[in-house]
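Work through each task yourself before you read the solution.

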Amino acid sequence: MAVVLSPKSTARRTRPSAAPLTARRSRRSTERAVANAVLLLIAAVFLVPLLWLVLASLNGTAGLRVSAPDPVTLDNFRAVLNTDTTYRPILNGLVLCGGATALSVGCSVLAAYPLSRYESRYKRPFLLTILFATGLPITAVMVPVYAMFVQVNLIDTMYGTILFLGTSSLPFAIWLTKNFMDGVPLVLEEAAWTDGASGLQTLRRVVLPLMGPGITVVTIFTFLSMWGNFFVPFFLLLSPDQLPASVSILNFFGSRGTVEYGQLAAFSLLYSTPVVLLYVVMSRVLGGSSALGGALKG
C-alpha cells in the first residue's frame, strides 16, 4: 500500500538546518575581521611615517618619535624656505627629471611603435633584452658610466645627467609604452593609411591621441623613478649649485650624527609637493580620457 506524503511533511524534511548557515556566516565574519585587521596594519605602516612628517615639521623640538608638536611653530619652514636650501635644488630636480622624462617618453614611443605594429624574428630577443635591462640595478653601471663621462667631458653637466637619466629609464618606458600601444586597434591605422596618411602621421594623429592614458602612466612612473634618484646626480654632478633636492637633503645630516629633524620634515613635505601635483594633474587627465572607448563604438 503506497503512502502519499503531504506537501507540509515534504517541506519539513527538505528544510535546511540553521546550524550550518550560522557557522558559515560566523566564518565569513571572522575572515572579514581578519582581512580588515591586516589592511589596517598595512595602512598604519604607511600612515605613521607621514604623520611623523606633518607633526615634526610643526614641532620646535622634533625628534624621532611621533608626538604632538610642543611648541607648535612654523620656524622649520622659515628655515628651509630659501634659495640655497629648497628653491634651487627643487628647480634643479624639475629640470633634470622633466628633461629626462621628456627624452625617455619621446624615445619610448618611437621604439615601441615598430615593436607593436611589425613582426620580426628579432622582436622577442629584443623584448627579452629590454626586460633584462629593466631589472638591472643602476649602481652596477655607475662606475663605468662615471669613467666614460670623464673621458667625454660630460661630468658635472646638467645635459649629460639628463641624457643618462633618460637612457637609464628607457627600457621600462619602452616596455610600458609597447603594452599600451598594443591596445590601439590596427584597423584605425589602416583606415588612416587608406586616406593617404604616412606612418609618422598615423602615429602622431591616430595612435598617440588614443593612447593618451598610457602615455600619462608612462610619464608618471618615469618621473617618479627619477625624482627620488640619489646615486646618479650624486656621482655625475659635482657643483653644489647644480645638485637636485634628492641629493641636497644630505645637508640636514651633520658630520657628528646631529640631525635637524624639524627642518628635515619640513623640507621633505616641500620636496614631495611636485610629485603630488603631478599625480593630481595626471589623474584628472586619466579620469577624463575616453577617446579609445569612443573610437571603438559602432
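**Exercise 1.** This is a predicted model. Decide whether Val150 is buried, partly exposed or exposed.

*Solution.* Start with the location: Val150 belongs to helix α6. Next, take its relative accessibility, which is 41%. Partly exposed covers the range between under 20% (buried) and over 50% (exposed). Val150 therefore counts as partly exposed.

**Exercise 2.** Find the nonpolar surface patch that includes Val150, and work out which elements build it.

*Solution.* Then assign them to elements: α6 (142-151) and α12 (231-236) are the ones that give two or more residues. Finally, look for the main contributor: α12 has the largest share, with three residues.

**Exercise 3.** Now go inside. How many cavities of 30 Å³ or more does the whole structure hold, and what lines the largest cavity?

*Solution.* Begin with the search, which finds one such cavity. The volume of the largest cavity is about 70 Å³. Next, list the lining: there are 13 residues, and Cys97, Met226, Asn229, Pro244 and Ser246 lie nearest the centre. Trace the lining back to the helices: α4 (83-117), α11 (212-227) and α13 (245-248) supply at least two residues each. Of the elements, α4 gives the most, with four residues. Last, sort the lining by class: 10 residues are nonpolar, three are polar and none is charged.

Terms used. Residues are numbered from 1 along each chain as its sequence is written. This is a predicted model: local features need pLDDT of at least 70, side-chain atom pairs count only at pLDDT 80 or more; totals for chains, interfaces and linings use all residues. Side-chain values use heavy atoms; hydrogens and water are left out. Patches are made of residues with over 30% relative accessible area and no salt bridge: like charges are joined within 9 Å, nonpolar side chains (Val, Leu, Ile, Met, Phe, Trp, Tyr) within 5 Å. Accessible areas come from the Shrake-Rupley method with a 1.4 Å probe; for residues, only the protein chains shown count as cover. A salt bridge is a side-chain nitrogen of Lys or Arg within 4 Å of a carboxyl oxygen of Asp or Glu. Buried means under 20% relative accessible area, exposed over 50%, partly exposed in between (1.4 Å probe, protein chains only). On a 1 Å grid over the protein atoms alone, a cavity is a set of points where a 1.4 Å probe fits but cannot get out, and a pocket is an open set with protein on both sides within 12 Å along at least five of seven lines; lining residues have an atom within 4 Å of a point. Grid points are joined across faces, edges and corners, and a volume is the space filled by probe spheres set on the points. Ala, Val, Leu, Ile, Met, Phe, Trp, Tyr, Cys and Pro count as nonpolar, Asp, Glu, Lys and Arg as charged, and the others, Gly among them, as polar.
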